[in-house]
Amino acid sequence: MYSSSANINVLRPLDVANLSEKNTAIEIENLNLYYRKKQVLHDISMRIPKGKVTAFIGPSGCGKSTIMRSINRMNDLVEGCKVEGAIRLLGHDIYGEDVDVSALRRRIGMVFQKPNPFPKTVYENVIFGLRLQGIRNSRVLDDCCERALRGAGLWDEVKNRLHESAVSLAAGQQQRLVIARAIAIEPEVLLLDEPTSSLDPISTLTIEELINDLKTKYTVVIVTHNMQQAARVSDFTAFVHMGRIVEYADTDTVFTSPKEKKTEDYITGRIG
Ligand SMILES: Nc1ncnc2c1ncn2[C@@H]1O[C@H](COP(=O)(O)OP(=O)(O)OP(=O)(O)O)[C@@H](O)[C@H]1O
Ligand SMILES: [Mg+2]
């Protein structure tokens, strides 16, 4: 049966429906979002666990990117966008009046579908956020650059190309560079919106392996159209349909014994 309130109570050891505050990175509560008169997200409530990978899946236009953009307030830039409800990062309302949005985006990094390195060198891309923070010490910058590139699984490939243009890298390398740029400033949460959909299978695999490593340090939230990918990389999966969370549980349950017919129809290819 399709339930619109849709937080399914499945009792399991890692149970996102009953996640404690201590284990929660992001809490979304009664989120409604409108683009002008059109309501795009409906009453979304969920807790995203710390140090895990949570995937959002669902048909095109269901609101996955909108959810991601709400989490780091990218929708602030969209005229006519109205947000109701609350989103908390480690217990703090990110829509609170005193929130510094640039500081928030340092804590919640985002990577998009198409790699978007700046037209600068590899090195300058990685340390971009650190320069913005006013860090000048070249030793510190060099160390951070190396650490971030290692973290993104790119160091060995680019260590001799640090001063070449980032746009000369292959697409899969550019996407890992963008991930390095995001992790250089040590965010708490990484939002990845279809990070591999413009990449070849080998680069996709490299990024999937990277996502697995990243969760040891970060909370990762990923949107993907590729259900095999969601099954491979995520610990938890939320199925979104027409702006609602239909089902949210551990990935295994969602893919092998979904509770909702809509989820089953989607994962078996009957809708979407
Ligand atoms: N800036 C905007 N202004 C008006 N409507 C928008 C805007 N951005 C998105 N929408 C609408 O909101 C709905 C959700 O869009 P969203 O981009 O979140 O979907 P999605 O699930 O990410 O889709 P896809 O899988 O194609 O990326 C769609 O109907 C879309 O047309
Ligand atoms: Mg999208």
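This is a predicted model: local features need pLDDT of at least 70, side-chain atom pairs count only at pLDDT 80 or more; totals for chains, interfaces and linings use all residues.
Residues are numbered from 1 along each chain as written, chains are lettered from A and ligands numbered from 1 in written order, and side-chain values use heavy atoms, leaving out hydrogens and water.

Let's start at ligand 1. Its shell holds 15 residues, with Ser60, Gly61, Lys64, Ser65 and Thr66 coming nearest; a residue belongs there if one of its heavy atoms lies within 4 Å. H1 (64–71) gives the largest share, 4 residues, and strand E2 (38–49) also gives two or more. Helices here are DSSP runs of H or I with at least four residues, strands are E runs of at least two, and both are numbered from the N terminus. By class, the shell has 5 nonpolar, 6 polar and 4 charged residues (nonpolar: Ala, Val, Leu, Ile, Met, Phe, Trp, Tyr, Cys and Pro; charged: Asp, Glu, Lys and Arg; polar: the others, Gly among them).

Which side chains reach oxygen atoms of ligand 1? Thr66 has a polar side-chain atom 2.5 Å from one, Lys64 puts a side-chain N or O atom 2.7 Å from one, and for His225 the distance is 3.2 Å. Alone, ligand 1 would expose 640 Å², and the protein buries 65% of that (Shrake-Rupley, 1.4 Å probe).

Next, look at Arg232 in helix H9 (227–233). Beyond its neighbours within four places in sequence, Arg232 is in contact with Glu208 and Asn226, where contact means heavy atoms within 4.5 Å. With Glu208 there is a side-chain to side-chain polar contact at 2.6 Å (N or O atoms within 3.5 Å, one able to donate a hydrogen and the other to accept it; residues adjacent in sequence count only if both atoms are side-chain atoms).

The largest pocket takes up about 530 Å³ and is lined by 19 residues, including Arg105, Met110 and Phe118. A pocket is an open set of points on a 1 Å grid over the protein atoms alone, where a 1.4 Å probe fits, with protein on both sides within 12 Å along at least five of seven lines; lining residues have an atom within 4 Å of a point. Volume is the space filled by probe spheres set on the points, which are joined across faces, edges and corners. The second largest pocket has about 160 Å³, and H5 (138–151) gives the most to its lining, with 4 residues.
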